[in-house]
Amino acid sequence: MNARTMSLGGRSKGRQAANSSAMDAAARWGFMARGTIYLLIGLLALQIAFADVGGGSGGEQADRGGALAEIGEQPMGSVLLWALGVGLVGMSLWRLSEALFGASGPDGRKASKRLLSAARFVFYGFVAYSVLTFAAGDKSGSSGDQQSQDVTATAMEQPGGGWIVGIAGAAIIGAGLWIAVRALRRDYHKHLKLGQMSRRVRQFVDVTGVGGGVARGVLFGGIGVFVLQAAIEYEPDKAKGFDATLRSFADAPAGRWLLALVALGLVLFGVFSFAMARWRKV
């Protein structure tokens, strides 16, 4: 057996590992965890939107920290937090397997697809770490707004920091637009087992996928605008996370309804993630 044959055999085994039942379960668990977090963020944002209707306080954080705190207050909350963290670790490992061995589909081994999977591996790895540390009792990093400001301030301390932050802000805006456009084009169809879905199920998934994807894109775009503003004005405190960005929508014309619309979209994205856990090709 020559070296080339051994190399091909190694890659084949790697792809088999990436497509194993364990990795399939890890990915689907990860989608369930992501859906739970977005669903709770959307519900918390809805509470903020109508806080002054019926005497609500709207003091909860509409971000990952707020969602985790809400889960932690429930019966068996600690167990649920650990389950979410493990699910997100599974999501991260699945994305890593895609980066190393290629994703499902005819173009899954393209360099661009694998680089995107690598970026998602890093993102979900960070989210998993934050959830697991929260479950372990460390609440110091639970505020997404403070994290955004700290990261921005650290970046600005580097040579050319203003440019670094500005490019990052523009990239986040671009990512928001990309997320929204992909949702409107229903690009997620190519990842779904459409042949196993009834017509009504496909319609339901489209409502949640389009509405949720656009809302998520709007939220990321808003975060990017504030990061870009922080760079232009050279003020790290201008950067905002999920919570402060969502609250800023309330300051726009018809702000309460804009915030409510985005919040409802995040709820839809949570439900869409549950659908992905069931119907996505892994």
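In this predicted model, ring pairs join Tyr38, Tyr188, Phe220, Phe242, Phe269 and Phe272 into a cluster, and the structure as a whole holds eight aromatic pairs. Because phenylalanine 220 lies in helix α8 and phenylalanine 242 in helix α9, the pair ties together parts that are 22 residues apart in sequence. Are these two residues, phenylalanine 220 and phenylalanine 242, buried or exposed? Both of them are buried.

From here we can turn to the interior. In soluble globular proteins, nonpolar side chains tend to be buried together. The largest nonpolar core of this model has 57 residues, and those with the most contacts inside it are Leu88 and Leu246. The elements that give two or more residues to this core are α2, α3, α4, α5, α7, α8, α9 and α10, and the largest share, 13 residues, comes from α2. Leaving aside neighbours within four places in sequence, leucine 88 is in contact with Gly30, Ala33, Arg34, Ile37, Tyr124, Val127, Ala128 and Val131.

Nonpolar residues are also found on the surface, where Trp29, Met32 and Val86 form a patch with about 280 Å² of accessible area together. Valine 86 belongs to helix α4, which covers residues 77-101. Why does valine 86 count as partly exposed? Its relative accessibility is 39%, and partly exposed is the class between buried, under 20%, and exposed, over 50%.

Notes
Residues are numbered from 1 along each chain as its sequence is written. This is a predicted model: local features need pLDDT of at least 70, side-chain atom pairs count only at pLDDT 80 or more; totals for chains, interfaces and linings use all residues. Side-chain values use heavy atoms; hydrogens and water are left out. Patches are made of residues with over 30% relative accessible area and no salt bridge: like charges are joined within 9 Å, nonpolar side chains (Val, Leu, Ile, Met, Phe, Trp, Tyr) within 5 Å. Accessible areas come from the Shrake-Rupley method with a 1.4 Å probe; for residues, only the protein chains shown count as cover. A salt bridge is a side-chain nitrogen of Lys or Arg within 4 Å of a carboxyl oxygen of Asp or Glu. Helices (H or I, at least four residues) and strands (E, at least two) are DSSP runs, numbered from the N terminus. Buried means under 20% relative accessible area, exposed over 50%, partly exposed in between (1.4 Å probe, protein chains only). A nonpolar core is a set of buried Ala, Val, Leu, Ile, Met, Phe, Trp, Tyr and Cys residues joined through side-chain atoms within 4.5 Å. Contact means heavy atoms within 4.5 Å. Rings of Phe, Tyr and Trp (its six-membered ring) pair if their centres lie within 6.5 Å; planes under 30 degrees apart count as stacked, over 60 as edge-to-face and the rest as tilted.
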